[in-house]
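Me: I'm new to this one. Can you walk me through it?
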Amino acid sequence: MTKLVYNYYFVCYFFEEKILKDQKAFNKFSYKLVNYNNRRVLKNIKGKSPKKISILLPHCLQNEDCIFKITSDVKNCKKCGKCKMGDFLALKEEYGLFVKVATGGTLARLYLKRERPDFIIAVACKRDLVTGIFDMYPMNVYGIFNIIKDSPCVNTDVDIKEIRKVLNNVLNKGE
């Protein structure tokens, strides 16, 4: 039954996107699919302690003008504060996470298939998040939409507090 719900939301998302023709426009089915997925993932791991947790990030979270490219290694970040990458390095150290930055959905999927984490927090734009969650089902991929400030794929943002809240919930650390 669950896969049927995913299929329904995905098809509705696809058709609504064709009507909207704008990556920044609100698509109610993208939110419905991600919310449904996130509830399923949290229910699926409730009472379990995931050993291998990954955070999967889009490269557009990094400041576009930064000369230290982090797509090959997130530790290349110099924590200058112009973007949230330094915050993710702090989360990596605090929680013992794996943090991966992908230049696109294909590389993100390859990483997940190769590493097979127990729990993944994926941050991405509407299109990449919806298609990634749909393609990686039934993996435990918790989705968080990035914040598009001006244009897609350039200097996007994410709410670190939301990610911390999910991690504390999953790891039963309460906050």
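Predicted model: local features only at pLDDT ≥ 70, side-chain atom pairs only at ≥ 80, totals over all residues.

Me: OK. Which residues does Ala102 touch, leaving out those up to four places away in sequence?
Reply: Ala102 touches Leu56, Leu57, Pro58, His59, Leu107 and Ala108.

Me: Where does Ala102 lie? And is Ala102 buried or exposed?
Reply: Ala102 lies in strand E2, residues 98-102. Ala102 counts as buried because its relative accessibility is 7%, and buried means under 20%.

Me: Switching to helix H3. Which residues are buried there?
Reply: H3 spans residues 85-95. Met85, Gly86, Phe88, Leu89, Leu91 and Tyr95 are buried.

Me: What do the buried residues of H3 pack against?
Reply: They pack against strand E1 (53-58), E2 and helix H6 (160-170).

Me: What comes just after H3?
Reply: Gly96, with a positive phi of about 70°.

Me: Now salt bridges. How many are there in the whole structure?
Reply: A search finds 7. One of them pairs Lys52 with Glu115. Their closest N and O atoms are 3.0 Å apart.

Me: Where do Lys52 and Glu115 sit?
Reply: Lys52 is in the loop between helix H2 (28-45) and E1. Glu115 is in helix H4, residues 105-115.

Me: Is Arg109 buried or exposed?
Reply: Buried, at 17% relative accessibility. Asp135 is partly exposed, at 43%.

Definitions and conventions:
Residues numbered from 1 in each chain as written. Heavy atoms only, no water. Helix = DSSP H or I, 4+ residues; strand = E, 2+ residues; numbered from the N terminus. Buried < 20%, exposed > 50% of the residue type's maximum accessible area, 1.4 Å probe, protein only. Contact = heavy atoms within 4.5 Å. Salt bridge = Lys/Arg side-chain N within 4 Å of Asp/Glu carboxyl O.
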